[in-house]
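Open the model in your viewer and keep the sequence panel beside it. This tour goes from the whole chain to single residues.

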Amino acid sequence: MNKLVAKSAASLGALGLMAVPALAQDAAPAVSPETQYIFNTLLFLIGGFLVMWMAAGFAMLEAGLVRSKNVSMQCLKNIALYSVAGLMFWITGYNLMYTGVDGGYIGSFGPYAFDAVGGNALDTGYSTASDWFFQMVFCATTASIVSGTLAERIKLWPFMIFTIVLTGFIYPIAGSWKWGAGWLDGMGFSDFAGSTLVHSVGGWAALTGALILGARKGKYGAGGSVHAMPGSSMPLATLGTFILWLGWFGFNGASQLAMGTIGDVTDVSRIFANTNMAAAAGVVVAMALTQILYKKVDVTMALNGALAGLVSITAEPLAPTVLQSVIVGGVGAAIVVFAVPLLDKLKIDDVVGAIPVHLLAGIWGTFIVPFSNGDTSYGTQLIGIVAYGAFVVVVSAIVWLILKYTIGIRVSEEEEAMGLDKAEIGVEAYPEFGTGSQRV
C-alpha cells in the first residue's frame with residue numbers, strides 16, 4: 001500500500017461518475033482505464049526526471065558555494081549519492097517505505113519487483129516502475145541536503161556510508177509513517193510533497209552531522225567573530241538554483257499522483273503556479289530584508305530565499321490561494337535570512353545554508369498547512385514535526401558517532417587547508433587557477 005493508492009481510487013471513482021450522464025444527449029465517452037494508466041504513468045515519469053535533474057541543481061549550487069579547492073569533491077559526492085540512493089531504494093528502501101506498513105512504523109525488507117515486460121497494472125492505475133522511479137528520486141534529494149552542509153571538511157567514504165544508511169533505512173522508515181499509510185497518516189498528518197518527509201529529514205541529518213563534525217578551520221574566531229569563506233562561483237550557484245526551481249515543478253506537481261481526469265490536470269496546473277509564486281516571493285523578501293539589514297543585497301540570500309519559498313510550499317502546494325502561497329514562501333525566506341547569522345552565533349557551520357532552507361523552512365511549511373487546508377490541524381502537524389526530528393536526530397547521531405570513533409569522519413587540518421579536491425580525490429576543478437597552475 002503506497003501513497004498513490006488512495007489517489008488512484010479517487011480518480012477511478014471520478015471516472016465512474018463521468019460515465020453516468022444526466023441526460024442521454026449529454027453523454028460523453030468516459031476515459032478508459034488504459035488511458036488513465038498511460039497519463040498517470042506519464043506524470044510519474046516526467047515528474048521523476050524533473051526531480052532527477054535536481055541532482056544537477058544541487059551539484060551546481062554546492063559547487064558554486066564552496067571554495068574552488070573543494071569543487072570537484074562536491075561534484076563527485078552528488079553523482080555518488082544519487083547512484084547510492086538508487087541502489088539502496090531498490091535493495092530495500094521502497095519496500096521499507098511502502099510495503100506492509102499497515103498503520104505501523106516500518107514496512108518490509110527486501111528488493112522491489114517491477115511489473116513483467118509488457119505488464120499492465122490497471123488495478124493500481126500506473127506502472128509500478130514509474131512509481132518506483134518517482135519515489136527514488138525523492139530519496140536522493142534527501143541525501144543531497146546533507147552533502148552541502150558538511151562540505152569542505154568531511155571525508156568521502158564516511159559520508160558515503162552515512163548516505164547508504166540514510167537512503168536505505170532512515171528516509172524510507174520515516175517516509176512510511178505518512179506516505180506508506182503508517183501511524184502518522186492515520187492521525188491525519190499532512191505533507192503533500194515532502195517539506196518534512198524529504199527536506200526536514202535531510203535537514204535534521206545535516207544538523208546532527210554538523211554538530212558532530214565541527215566547523216571548518218578558521219570559520220569562527222575569538223570573541224564570537226565570524227570569518228566569511230566566499231564560494232567559488234556565483235554563476236554556478238545561480239544556475240543550480242534555477243535548475244532546482246525547474247525540478248520543483250516535478251517535485252510538487254507530480255505529487256498530485258494522477259493525471260487521468262480533467263480535475264487532476266487542473267490541480268497539477270494550480271500546483272505549478274503556487275510553487276512558482278512561493279519561490280518568487282522568497283527571492284523578493286530575501287532581497288528586501290538583506291538590503292534593510294546589511295545595506296546591500298546578498299545574492300546568496302536571494303538564491304536561498306527562492307529555495308526556502310519552494311521548500312515551504314511543498315507541504316501544501318494545492319490548497320493555497322495565490323496570496324497564501326506568496327505569504328508561505330515569503331515567510332520561509334525571512335526565516336532563512338534571520339537563521340543564517342543565528343547559526344553562526346551558535347558556531348554551527350553550514351556551508352550552503354541547507355539547515356535554514358531545508359530544515360527550518362521545511363518545519364514552517366509543514367506547520368502552516370492548516371492555514372490553507374482546513375482538513376488538517378496544527379496539533380497533528382506539530383506531532384509529526386517532532387516525531388520526525390526525534391527519530392532522525394537520534395538515528396543519525398548514532399551513525400555519525402560510530403563513524404567518528406571507528407574510521408573517522410573529518411580530514412586532517414593539512415588536508416582541509418590543501419582542499420579536498422587535491423587531498424581526497426586528486427582532481428582539481430580549476431587547476432589552471434589554483435595550485436595546479438604552478439606545475440604547468
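Buried means under 20% relative accessible area, exposed means over 50%, and partly exposed is in between, with a 1.4 Å probe and protein chains only. This is a predicted model: local features need pLDDT of at least 70, side-chain atom pairs count only at pLDDT 80 or more, and totals for chains, interfaces and linings use all residues. Residues are numbered from 1 along each chain as its sequence is written, and side-chain values use heavy atoms, with hydrogens and water left out.

**The whole chain**

Start with a cartoon view. The protein has 15 helices and zero strands. Both kinds of element are DSSP runs, numbered from the N terminus: helices are H or I with at least four residues, strands are E with at least two. The protein is as compact as a globular protein of its length, because its radius of gyration is 22 Å, close to the 22 Å that the globule rule gives for 440 residues. That radius is taken over C-alpha atoms, and the rule is 2.2 Å times the number of residues to the power 0.38. Along the principal axes, the C-alpha atoms fill a box of roughly 80 × 50 × 45 Å.

Of the 440 residues, 56% count as buried.

Contact means heavy atoms within 4.5 Å. Among contacts with a separation of 6 or more, 79% join residues 24 or more positions apart.

Colour by charge next. There are 20 positive and 26 negative side chains, and the centres of the two sets lie 14 Å apart. Lys and Arg count as positive, Asp and Glu as negative; His and the chain ends are not counted. Each charge is placed at NZ of Lys, CZ of Arg, CG of Asp or CD of Glu.

**Cysteines**

Select Cys 75 and Cys 139. Which is buried, and which is partly exposed? Cys 75 is partly exposed, because its relative accessibility is 30%. Cys 139, at 0%, is buried. The structure holds zero disulfides, a disulfide being a pair of cysteine sulfur atoms within 2.5 Å.

**Pro 172**

Go to helix α5, residues 156-176, and pick out Pro 172. Pro 172 counts as buried, since its relative accessibility is 0%. Show its surroundings: beyond neighbours within four places in sequence, Pro 172 is in contact with Phe 89, Gly 93, Leu 96, Met 97, Leu 166 and Thr 167.

**Two loop residues**

Most residues other than glycine have a negative phi. Ala 181 has a positive phi of about 65°. Find Ala 181 in the loop between α5 and α6 (183-187). At 21% relative accessibility, Ala 181 is partly exposed.

Move on to Lys 347, in the loop between α11 (322-345) and α12 (354-367). Its phi is positive too, near 60°. Lys 347 is partly exposed, at 47%.

**Ala 210**

Finish in helix α7, residues 195-213, at Ala 210. Ala 210 is buried, because its relative accessible area is 4%. What does Ala 210 touch, not counting residues up to four places away in sequence? Thr 149, Leu 150, Arg 153, Ile 348 and Asp 349. Last, select Trp 400: its C-alpha lies 9.9 Å from that of Ala 210, though the two are 190 residues apart along the chain.
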